[in-house]
Amino acid sequence: MVEHLIACHGCDLVHALSDIPIGKTAYCSRCGSILYRPKRDSINRSLAFTLAGAILFFIANTCPFLGFKIGSKIRETTLASGIHQLYQQDMFIIASLVLFTVVLVPLLHILCMLYILIPLRFNRNPLYLANVFRLYLVLKPWGMLEIFMLGILVSAIKLVKMATIIPGTALYAFLALVFVLSAMTVTLDGHVVWKSIDRQ
Amino acid sequence: MEINRSSITANAATAREMGLVSCHRCHLLCKLYDQKSACPRCGTSLHSRKKESVARTWALVIAASIFYIPANILPVTYTTSLGTVQSDTIMSGVIYFIHSDSWPIALVIFVASIFVPLLKLVILITLLLSVQLRWISRAKDFTRLYRLTELVGRWSMLDIYVITVLVALVHFDALADIEAGMGALFFAMVVVITMFAAESFDPRLIWDNLQSTHEEKY
Ligand SMILES: [Zn+2]
Ligand SMILES: [Zn+2]
């Protein structure tokens, strides 16, 4: 009985949810928050985007992402060397924040999803499924790749008057990664993951 | 995205009134046996409302408001070119883009770095007051405002990333060099603290006042 009831996380009003067809969304009748939005073929689709994301993440973090040329001097940066530069200037907190939001959180997101989705794809539950999925949800607001992309664009416009900007391989990989990771998040149906814990 | 009314039957009760607790993470409705129980499905500790939500949010909002001042006054970058050093605040960065005729970029930085953090602080203060002063007539609008702060707050990180890329790339000794200033540190703190503030506020408190008013009526 209790399983079919859901409380709105915006206002705590309890609703009885029956099957909602894919493509429809159930909203709270009182405050308008989303109660539930089922996703089509969630595990397969989300896993496909996760695998693509893992490859792109590797490229994005190893190849140079921007080159910068003044006269005959050329400077190429990878993401890691940029963050290292900030550490050297004693901007410890900012460097850590950038490292966390642009590298660690996206990496953990991809790893969590691989760990959860590959076994679920074959109808098996991985160990500590609940803990790993909780970690994924807690970290969710701290992944900021899309904002970082806009940051690169703005700084490129700022620098273009000083010198020649040479876009690197990692820049394109980053751009693709932004879309692939948001597709991974959008296609994932959290309810399906929680349901598989009940199944055990 | 339309409302699927056929599948929803609105009960007139909240989880709390039914003696249930909605799990914060997995949204399972649980019975609360004692004060220290955890969700049987995902293990998150169960609270009917976020703990000390109002006091905690106030503390974070006040801290962020204080940091907002040095974040806007102190330089965020020092640019050295051919021996002369120029310091820039967030606002002078915006003005630079207006003068160089890239007003869309100026607008983006202004919105992300100056307008959004301020808007977020104003909205959170409004929400806190609405809970404490029992402004129940606009409860639905306040819930919308809360969702807005969750959505736009992260975009303030933009300037931090711009500074990171500039510092990382422009490093040619005496010829051209950019270093980050203390303003950037305060600004980063404002963004992080307001994100925690939005997280610690519980939107259900807005509606709880409505409930207690009903109880007084009947
Ligand atoms: Zn609601
Ligand atoms: Zn739970």
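Two strands pair if DSSP finds at least two bridges between them. Strands here are DSSP runs (E, at least two residues), as helices are (H or I, at least four), and both are numbered from the N terminus. Keep that in mind for the first stop.

Some housekeeping: this is a predicted model, in which local features need pLDDT of at least 70 and side-chain atom pairs count only at pLDDT 80 or more, while totals for chains, interfaces and linings use all residues. Residues are numbered from 1 along each chain as its sequence is written, chains are lettered from A and ligands numbered from 1 in the order in which they are written, and side-chain values use heavy atoms, with hydrogens and water left out.

**Stop 1: a hairpin in chain B**

Select residues 77-81 and 84-88 of chain B: these are strand 4 and strand 5, which run antiparallel and are joined by five bridges. Click on B:Tyr78 and look across to strand 5 of chain B, where B:Ser87 stands opposite. Two residues lie between the strands of this hairpin, and B:Leu82 takes a positive phi near 50°.

**Stop 2: the two domains of chain B**

Next, colour chain B by domain, with 1-48 as domain 1 and 50-217 as domain 2; such bounds come from an automatic or database domain assignment. Eight residues of domain 1 of chain B are in contact with seven of domain 2 of chain B, contact being heavy atoms within 4.5 Å. Between them, these two domains of chain B bury about 570 Å², 39% of it on carbon and sulfur atoms. Buried area is the accessible area (1.4 Å probe) that two parts lose on being put together, summed over both. Show B:Glu17, B:His24 and B:His47, which supply 54% of the area that domain 1 of chain B buries against domain 2 of chain B, more than any other three residues.

Now pick B:Arg16 and B:Asp208: they form a salt bridge whose closest N and O atoms are 3.3 Å apart. The rule (a side-chain nitrogen of Lys or Arg within 4 Å of a carboxyl oxygen of Asp or Glu) finds one salt bridge across this domain interface of chain B.

**Stop 3: chain B against chain A**

Bring chain A into view. Its domains are 1-38 and 41-198, and their C-alpha centres lie 31 Å apart. How many residues does the contact take from each chain? It takes 69 from chain B and 71 from chain A. The two chains bury about 6800 Å² between them, 70% of it on carbon and sulfur atoms. On the chain B side, highlight B:Arg41, B:Tyr161 and B:Leu169, which lose the most area to chain A, together 11% of what that side buries.

Four salt bridges are counted between chain B and chain A. One to select joins B:Arg154 to A:Glu146, with the closest N and O atoms 2.9 Å apart. Then select helix 5 of chain B (residues 158-169), which gives ten residues, the largest share of the side that touches chain A. That side of chain B divides into 43 nonpolar, 15 polar and eleven charged residues. In this scheme Ala, Val, Leu, Ile, Met, Phe, Trp, Tyr, Cys and Pro count as nonpolar, Asp, Glu, Lys and Arg as charged, and the others, Gly among them, as polar.

**Last stop: B:Arg204 and A:Asp12**

Over all chains, the whole structure has nine salt bridges. Finish with B:Arg204 and A:Asp12, whose closest N and O atoms are 4.0 Å apart in their salt bridge. This pair crosses between chains, from helix 7 (residues 204-217) of chain B to the loop between strand 1 (5-7) and strand 2 (13-17) of chain A.
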